[in-house]
Amino acid sequence: MTSSVEDAEDVVHDLFVGLPESIHKYHERGSLQGWLKRVVVRLALMRLRTTRRRREVALDDEVSTHSAPQTDNAVGWDVQRAIETLPDDLRAVLVLRQSERYTHREIAGLLGITPGASRVRLSRAVKLLRTALRGRT
């Protein structure tokens, strides 16, 4: 969801730092795993909002974007790069739906939108991905 390893590591760090204070909010209504996933998604969304406000550029970004991927899976690399270029709101819905297998109702609850808006964002994300990937072939 964060499209950067550093931001993902920061989200995990924030989770473990804040866990002792927030564990009292878990009331055993669902699985602990589900509750932790919701907390991580919220932390990732907060991270996206703050980085959207202040765009940071790492000094090695220019070098890394021009170097060839070190994997044999060039198609997977292209898809990952295309996903990273999506707007934050579309990428969040795409990742939650396709990778994490959340329902549109669950995504709506996490993002504070309607299930219909989740479906629309997913559709837009898929269209943008198709366009981006067609341009790479």
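Tutor: Buried means under 20% relative accessible area, exposed over 50%, and partly exposed in between, with a 1.4 Å probe and protein chains only. This is a predicted model, where local features need pLDDT of at least 70, side-chain atom pairs count only at pLDDT 80 or more, and totals for chains, interfaces and linings use all residues. Residues are numbered from 1 along each chain as its sequence is written, and side-chain values use heavy atoms, without hydrogens and water.

Student: Why is arginine 101 called exposed?

Tutor: Its relative accessible area is 61%. Exposed means over 50%. So arginine 101 counts as exposed.

Student: Where is arginine 101 found?

Tutor: In the loop between H5 and H6. Helices are DSSP runs of H or I with at least four residues, strands are runs of E with at least two, and both are numbered from the N terminus.

Student: What is the phi of arginine 101?

Tutor: Near 65°, a positive value in a residue other than glycine. Most residues other than glycine have a negative phi. After H6 comes glycine 112, also with a positive phi, near 70°.

Student: How do you know that the span of helix H5 agrees with its number of residues?

Tutor: The expected span is 1.5 Å times one less than the number of residues. H5 has 12 residues, 88-99, so it should span 16 Å. Its end C-alpha atoms are 15 Å apart, which agrees. Among the buried residues of H5 are Leu90, Val93 and Leu96.

Student: What makes serine 118 buried?

Tutor: Its relative accessibility is 0%. The cut-off for buried is under 20%. Serine 118 therefore counts as buried. Its place is in helix H7, residues 115-134.

Student: Which residues does serine 118 touch, not counting residues up to four places away in sequence?

Tutor: Val93, His104, Ile107 and Ile113. Contact means heavy atoms within 4.5 Å.

Student: Which residues of helix H6 are buried?

Tutor: In H6, residues 104-111, they are His104, Ile107, Ala108, Leu110 and Leu111. They cover an arc of only 165° around the axis, which puts them on the same side of H6. The arc is that of the directions from the helix axis to the C-beta atoms. An α-helix has 3.6 residues a turn, so residues three or four places apart point the same way. Arg105 and Gly109 are exposed, on the face turned away from the buried side of H6.

Student: How many helices and strands does the chain have?

Tutor: Seven helices and zero strands. Of its 137 residues, 28% count as buried.
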